[in-house]
Amino acid sequence: MTYAAGRHFLQIPGPTNVPDSVLRAMAAPTIDHRGPEFQAMGRELLRDIRPVFGTTNPVVIYPATGTGAWEAALVNTLNPGDAVLTFETGHFATLWQEMAGRLGLEVHFVPGDWRHGADPAIVEERLAADTGHRIKAVCVVHNETSTGVTSRIPEIRAAIDAAGHPALLLVDTISSLGSIDYRHDEWGVDVTVAGSQKGLMLPPGMSFNAISDKALAASRTATLPRVFWDWGPMLAANERGFFTYTPNTNLMYGLREALRLLYDEGLENVFARHARHAEATRAAVRGWGLEVLCLDEREHSGALTAVLVPADVDADKVRAVILDRFDMSLGAGLGKLAGKVFRIGHLGSFNDLTLAGTLAGVQMGLTLAGVKIDPGGLDAALERLQAG
Ligand SMILES: *Cc1c(COP(=O)(O)O)cnc(C)c1O
């Protein structure tokens, strides 16, 4: 590969572009993770991480990707044979329920069409029918990164309450935290699962569990085997700013800077920026005469847009043209959407002109790949951006 001038456009829905100041923050010597300098940083981070989750409760930080934090949420709160209610919103929800099955849980997987979020009416119906309270947890992916559909968590919480059911609510926010409005405490979520490499604008390798009092109580009696993921010793060490094993110190330097950026912009502004970029992207897609995968106006993702290509087009070929000609990476169709969609990531460190450049590259790439589109799509997006 010859040298490519300028910046690569990493417009996949995670890992996302890491801001320069975050990269610089990480380029510092790794320090003694049992020493006083680390302890001060540990205390600070374990406190400052909470607002981005919308919680005042503890957040556990793992040196692992999001998949690890999925496992942690399950093994800390559940017992072998417990039933869990899950929803087929897309690829990630499918993987999470597979994990639950492999851990020895009894999975009730509600089928879906990968174009809608988890349905609160079905949550209520299934829980109301579970009079013996065998279902111990409802697992929902907030932002389904494979489809660009965002489930309505407050409505799901309300459905659990309407059924008068004691199940825990476990939510995957791996691609929504720091990009789409989310409130762990206010929405009554019991475990929030998150990762570093999407809305938090960090490299991969760090993940999180935000924990409600109810989830913490469940963890005291839960019997699924757990060692690395065990909240108990970790929370005890965290009280003093320390960790039970070696944390990823340099990612923590980066996290400190990423949180500073998010809080400096203001979380409300961060969410509004993402929603606006998502709107402009949908304006482009519709202007091109293509279809957005998400079918419910209430569930459009602020973090990414999945675009359906015409049936005779291979979406991976379009992506390959765009990578080759314009040095831009777009997200592939995952699982049963392979070849049928491409995904435009518009989350993280991102502004109007990055989006304009991204959409210009997509429009040119579609045309070069021989897809019949209306070139008015880009103008429609620019108009939306210009409107502020
Ligand atoms: C990326 C992602 C995952 C997987 O996280 P890893 O960090 O790759 O382990 C799970 N769920 C969602 C919604 C994601 O976007």
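The following exercises, each with a worked solution, concern a predicted model.

Residues are numbered from 1 along each chain as its sequence is written. Local features require pLDDT of at least 70, side-chain atom pairs count only at pLDDT 80 or more, and totals for chains, interfaces and linings use all residues.

**Exercise 1.** Determine whether Phe 228 is buried, partly exposed or exposed, and state where Phe 228 lies.

*Solution.* Start with the secondary structure, in which helices (H or I, at least four residues) and strands (E, at least two) are DSSP runs numbered from the N terminus. Phe 228 falls in the loop between α8 (213-221) and α9 (231-238). Phe 228 is partly exposed because it has 14 C-beta neighbours inside 10 Å.

**Exercise 2.** Describe how β3 and β4 pair and the unit they make with α5.

*Solution.* Strands pair if DSSP finds at least two bridges between them. Between β3 (residues 83-87) and β4 (residues 106-110) there are 5 bridges, in the parallel sense. Thr 86 has Phe 109 of β4 as its bridge partner. With helix α5 (residues 91-102), the two strands make a right-handed β-α-β unit; right-handed denotes a clockwise path from the first strand over the helix to the second, with the strands pointing away from the viewer.

**Exercise 3.** Give the helix and strand content over residues 14-315.

*Solution.* Over residues 14-315 the chain is 41% helix and 16% strand. The end C-alpha atoms of this range are 19 Å apart.

Terms used: Buried ≥ 20, exposed ≤ 12 C-beta atoms within 10 Å, placed from the backbone.
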